[in-house]
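Keep the coordinates open as you read.

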Amino acid sequence: MPPVYRGHAIKKGEAMIIATHRTLLVPYNESLQSEFLMLSYCTMNRIQMDDYHTVSSAKPLFQRILHDPTIYALAVLDNHSRDYIGHVCIYRLGESPELGFLFDKAYWGQGIGSEVLKAFLPKALLDLNLRQLVTTVDCNHIPSIRIVEKLGFERLSDSVYPNPACLQYMFTSYEVGAAL
């Protein structure tokens, strides 16, 4: 039986598809593994994150995305070319849900992150029946800070997250209409 989050069950096969002006957010499947691995172990893509992956450490992560019911993840594709350009997810469902996102460096600085998250966040909150979630960003990664603040996340105290180079933000669902 799938886990229940605040009275609403989501099965892995019931993930949503979201189209934005420039992107398509689709459920993960095995055919996206090589693209996910390349995104995950590229040091330039992960330079502002507090962890790095190798191919061998990214493979089990991909399998978790496919099968772990506490992770709700969508692949981000270019709407025109259908190239894989990134990843959005909410993980730790049932505990303290956290938003995660990562985009290929070739798409940085184009507003793709804002566009994707603006479409993903309200739909995911509604479908998963979540009232709050957190996200963690590198304190030096100004674009990520701007994105989460523009979406309505509020910065928590610096001492909440154990890594001093990171900031933690919280989003409360009643902010969806106002922020987005």
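Start at Cys139, which is partly exposed, with a relative accessible area of 27%. On this scale, buried means under 20% relative accessible area, exposed means over 50%, and partly exposed is in between, using a 1.4 Å probe and protein chains only. Before going on, note that this is a predicted model, in which local features need pLDDT of at least 70 and side-chain atom pairs count only at pLDDT 80 or more, while totals for chains, interfaces and linings use all residues. Residues are numbered from 1 along each chain as its sequence is written, and side-chain values use heavy atoms, with hydrogens and water left out.

So what about disulfides? A disulfide is a covalent bond between the sulfur atoms of two cysteines. Here the test is a pair of cysteine sulfur atoms within 2.5 Å, and the structure has zero of them. For Cys139, the nearest cysteine sulfur belongs to Cys166 and is 7.0 Å away, and Cys139 is in no disulfide. Cys89, with a relative accessible area of 8%, is buried.

Now zoom out. The protein has five helices and 10 strands, where helices (H or I, at least four residues) and strands (E, at least two) are DSSP runs numbered from the N terminus. Of its 180 residues, 47% are buried. Contacts are heavy atoms within 4.5 Å; among those in the protein with a separation of 6 or more, 62% join residues 24 or more positions apart. The exposed surface comes to about 9200 Å², with carbon and sulfur atoms supplying 55% of it; the areas come from the Shrake-Rupley method with a 1.4 Å probe, and for residues only the protein chains shown count as cover.

Next, the sheet. Eight strands form an open, mixed sheet in the order β3-β4-β5-β6-β7-β8-β10-β9, with two strands counted as paired if DSSP finds at least two bridges between them. At the edges stand β3 (18-19) and β9 (154-155), each with a single partner strand, so one side of each has no neighbour in the sheet. Further in, β8 and β10 (residues 166-172) run antiparallel to each other, joined over seven bridges.

Helix α3 (residues 112-128) is worth a geometry check. Its 17 residues at 1.5 Å a residue should span 24 Å, and its end C-alpha atoms are 23 Å apart, which agrees; the expected span is 1.5 Å times one less than the number of residues. Since 12 of those 17 residues are buried, α3 is largely enclosed by the rest of the structure. The buried set includes Ile112, Leu117, Phe120 and Leu125, along with Glu115 and Asp127.

After α3 comes Asn129, with a positive phi near 55 degrees. Most residues other than glycine have a negative phi. Asn129 sits in the loop between α3 and β8 (132-138) and is partly exposed at 33%. Arg92, also not a glycine, has a positive phi of about 60 degrees. Arg92 is in the loop between β6 (84-91) and β7 (98-103), and its 30% relative accessibility makes it partly exposed.

Last stop: Ser31, in the loop between β4 (23-27) and α1 (33-41). Ser31 is exposed, at 55% relative accessibility.
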